[in-house]
Number of protein chains: 2
Amino acid sequence: MANRGMLIVLSGPSGVGKGTVRKAIFDQDDNKFLYSISMTTRKMREGEVDGVDYHFVSKEEFENEISTGGMLEYAKYVDNYYGTPLKYVNKMLDAGQDVFLEIEVQGAMQVREKISDGLFIFLTPPDLMELRQRITGRGTDDSATIDKRMTKAIGEIDMMQNYDYAVVNDEINDAVEKIQTIIKAERWRVKRFLPDYRKQLGDVFK
Amino acid sequence: MANRGMLIVLSGPSGVGKGTVRKAIFDQDDNKFLYSISMTTRKMREGEVDGVDYHFVSKEEFENEISTGGMLEYAKYVDNYYGTPLKYVNKMLDAGQDVFLEIEVQGAMQVREKISDGLFIFLTPPDLMELRQRITGRGTDDSATIDKRMTKAIGEIDMMQNYDYAVVNDEINDAVEKIQTIIKAERWRVKRFLPDYRKQLGDVFK
């Protein structure tokens, strides 16, 4: 039987660049992670494909999943649900596949409660000015909205203490390399390594 | 002020090849660790230099260090003391230097009690036959002695659960690379990263 895969959770404050870093990791040739496709109740946009961009479901289906404990994590934004179905993630992990989630900080804490042996990596800005620039740089928000988002982001950065590792997103390639180093090293953590090693050594440690 | 350095402890059962792996790490050009020189009461051998191979001291001096809490770890083999002076290690760590210890498993557990934020890496054999071959391969012991050493080694392997990481010493270069990956990743562990990051962000997290 295959060893259970590792659940890798990449999170961090809004505007830190999680999506860009995740895409850079998945664009690499030797990428072996499975990306968990989110489920949402929002309408499919032009060019999107069901089961590729999202699993598109109705509000009733989503709320049914929530009430039957079927969501690993979820949140509601502007009247729409977004979340990660637990079934798919567990199936892949049981098959020995590593699964990679890129989610918001609220969701990450829900995951930690359900899959405690996951690897939790926090992507964080080099400094707060830089974060403000990124948030402002989107050019879509007024000053009051930006202030509100900054306050939220600072609260989110403070959640770093609930994670295993923190990586500064200063330069993308650098952040990607650090995340890959962390994932590599984590395989040799005693809590992950010992069960298989004991099996391999055989009777001695029964 | 410099950030406190990281204490890296490499240990593992007798015969696993700790010394060889440690030498390979220190032979690398970009090695930046300080190696902590042990203190011993055994006689200096020809070619050895005091303060390079060991700090050579008298039995009285060593026992004085023990009784005043001056040893980070120590053990007695065949009437001679061997150990690591605490003062030197702390001085280097406080100066922001990473310090590397290669010690026996009994000593490593003493270190864990005194410097709990150390990084503890366990070097382990690919399998028990291999370990027996290495122990036998020294060619100096009779069969009863080898059995005794194997029993001891198995007990030592079981101590792996008290370590942070475990690395199989299958192929030396491979083990060295894994250890370096672990040390790199460990710098981004939240518990090591957060204090400095908070300082850097300034007032917000006071």
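Helices (H or I, at least four residues) and strands (E, at least two) are DSSP runs, numbered from the N terminus. This is a predicted model, in which local features need pLDDT of at least 70 and side-chain atom pairs count only at pLDDT 80 or more, while totals for chains, interfaces and linings use all residues. Residues are numbered from 1 along each chain as its sequence is written, chains are lettered from A, and side-chain values use heavy atoms, with hydrogens and water left out.

**View 1. Glu102(A) in strand S7 of chain A.** Glu102(A) lies in S7, residues 99-102. It counts as buried, because its relative accessibility is 17% (buried means under 20% relative accessible area, exposed over 50%, partly exposed in between; 1.4 Å probe, protein chains only). Leaving aside neighbours within four places in sequence, Glu102(A) is in contact with Leu10(A), Lys18(A), Gly19(A), Arg22(A) and Tyr35(A). Contact means heavy atoms within 4.5 Å. Glu171(A) is 69 residues from Glu102(A) in sequence and 18 Å away in space, C-alpha to C-alpha.

**View 2. Helices H5 and H6 of chain A.** H5(A) spans residues 128-137 and H6(A) residues 143-157. Their axes are 10 Å apart and pack at about 135°. Axes are lines fitted to C-alpha atoms, for helices over the stretch in contact, and angles run from 0 to 180 degrees between N-to-C directions. That angle makes H5(A) oblique to H6(A) (under 35 degrees is roughly parallel, over 145 roughly antiparallel, 65 to 115 roughly perpendicular, the rest oblique). From H5(A), the contact takes in Leu128(A), Leu131(A), Arg132(A), Ile135(A) and Thr136(A). Among its H6(A) residues are Ile146(A), Met150(A) and Ile157(A).

**View 3. Helices H5 and H6 of chain B.** The axes of H5(B) and H6(B) come within 10 Å and cross at roughly 135°. The two helices are therefore oblique to each other. Residues of H5(B) in the contact include Leu128(B) and Ile135(B), which belong to the group meeting H6(B) residues such as Ala153(B) and Ile154(B).

**View 4. Helix H4 of chain B.** H4(B) covers residues 105-114. Its buried residues are Val105(B), Gly107(B), Ala108(B), Met109(B) and Val111(B). Their cover includes strands S1, S5, S7 and S8, and also H6, of chain B.

**View 5. Surroundings of Ile121(B).** Leaving aside neighbours within four places in sequence, the contacts of Ile121(B) include Ile8(B), Val9(B), Leu10(B) and Ser11(B). Tyr163(B), Tyr165(B), Val167(B), Ile179(B), Ile182(B) and Ile183(B) are in contact with Ile121(B) too.
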